[in-house]
Amino acid sequence: MIVGSRGSKLALVQTNYIKKRLSDLGNKKLEIRIIKTSGDKITSSQLYNMDSKGLFTKELDRAVLEEEIDFAVHSLKDVPTDLDEDLEIAAIPIRESPNEVLISNYEWEDLNKSSTLATSSLRREAFCNHYKKGLKLKPIRGNINTRLDKVLNGEIDATIMAEAGLKRLGLTKYIKNRFPLDYITPPAGQGALAIITRKDSNIKNKIQKLDHYESHQEVLAEKTVLEELGIGCQWPLGAIARIKDKEIELYSILLTQKGEILYKNTLTGPIKDSENIGKQLSKNIEEYI
């Protein structure tokens, strides 16, 4: 089997994790093929100022469609909601932490109007504005290590990252604060991986053994909100679902870029109704889009 991956250190760690999981199930012959994506080539623009749909996935998905590779491993938050009709998410393994974290030499409460925080996420920018700290916000691109270095060498005072990537790379010692999910709400699917195959793939049954039901239902609820609204990172929208006591709880919040809350709500229901809960919450948000 040939698996496609981006060439970043994080992408390869994630792909090697899937490779090991498959190997443990008896699938020993597995080759990793690195494919560069559009998102890897563009380093100077804010993602929300461009058409970012499939920016980090489309070249890999094309390789799956053309059977150059058997499957691809993506960070699920990068997967567009309108996946090609001949492709499917065959498995979502157990999810890593979805939380956002602060990378800084300073505590969150110590950052103020003289502090520079760099982010290329409109959602993170909106949350920073919401808490009225007067931070000097500036754009930043690059992989995790590049962004870490900019904090450590004092080029910027702080940045916000996904905890999952830092955990997978063994870089958690650089985390200054871990934000609660309702304080800085993550994007739909954060912390989860998606394994993409062709719908007619003859290896799909092997891949499906890696699926984690509860993680799958959580991200299904979250991504359904985006799919129904037809939006991406051009809107500061957070969505997080958690399974508690055999029920799924979906929380979503929509802000303006300036940090004003347009809508927030939590819906709860049976786990099997996760998609419908996502649809219901998206209808509530629709009038604010």
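Reader: Which residue in strand 13 does E249 stand opposite?
Author: E249 stands opposite T268 in strand 13. This is a predicted model, in which local features need pLDDT of at least 70 and side-chain atom pairs count only at pLDDT 80 or more, while totals for chains, interfaces and linings use all residues. Residues are numbered from 1 along each chain as its sequence is written, and side-chain values use heavy atoms, with hydrogens and water left out.

Reader: What makes strand 12 and strand 13 a pair?
Author: Two strands pair if DSSP finds at least two bridges between them. Nine bridges join strand 12 (residues 247-255) to strand 13, and the two run antiparallel, so they meet that rule. The strands themselves are DSSP runs of E with at least two residues, whereas helices are runs of H or I with at least four, and both are numbered from the N terminus.

Reader: Why are strand 11 and strand 13 called edge strands?
Author: The open sheet has three strands in the order 11-12-13, paired antiparallel. Strand 11 (237-244) and strand 13 (261-270) each pair on one side only. From one strand to the next, the twist averages 10 degrees.

Reader: How do you know that helix 4 packs on the sheet?
Author: Helix 4 (residues 122-130) touches strand 11, strand 12 and strand 13, where contact means heavy atoms within 4.5 Å. The direction of helix 4 makes about 75 degrees with that of strand 12; angles run from 0 to 180 degrees between N-to-C directions, with axes fitted to C-alpha atoms, for helices over the stretch in contact. Helix 8 (residues 213-229) lies across strand 11 and strand 12, at about 150 degrees to strand 11.

Reader: Why does D245 count as exposed?
Author: Exposed means over 50% relative accessible area, buried means under 20%, and partly exposed lies in between (1.4 Å probe, protein chains only). D245 has 78% relative accessibility, so it counts as exposed. D245 is in the loop between strand 11 and strand 12, and its phi is near 50 degrees, a positive value in a residue other than glycine.

Reader: Is K132 buried or exposed?
Author: At 72% relative accessibility, K132 counts as exposed. K132 sits in the loop between helix 4 and strand 7 (136-138). Phi of K132 is also positive, near 50 degrees.

Reader: Which residues of helix 3 are buried?
Author: In helix 3 (residues 58-65), E59, L60, D61, A63 and V64 are buried. After helix 3 comes E67, with a positive phi near 60 degrees.

Reader: What makes strand 1, helix 1 and strand 2 a right-handed unit?
Author: A crossover is right-handed if, with the strands pointing away from the viewer, the path from the first strand over the helix to the second runs clockwise. Strand 1, helix 1 (residues 9-24) and strand 2 make such a right-handed β-α-β unit. Strand 1 (residues 2-5) and strand 2 (residues 31-34) pair in the parallel sense over four bridges, and S5 has I34 as its bridge partner in strand 2.

Reader: How do you know that the radius of gyration agrees with a compact globule?
Author: The radius is taken over C-alpha atoms, and the globule rule is 2.2 Å times the number of residues to the power 0.38. For 289 residues a compact globule would have a radius near 19 Å, and the chain has 19 Å, so the two agree. Of the 289 residues, 53% count as buried.
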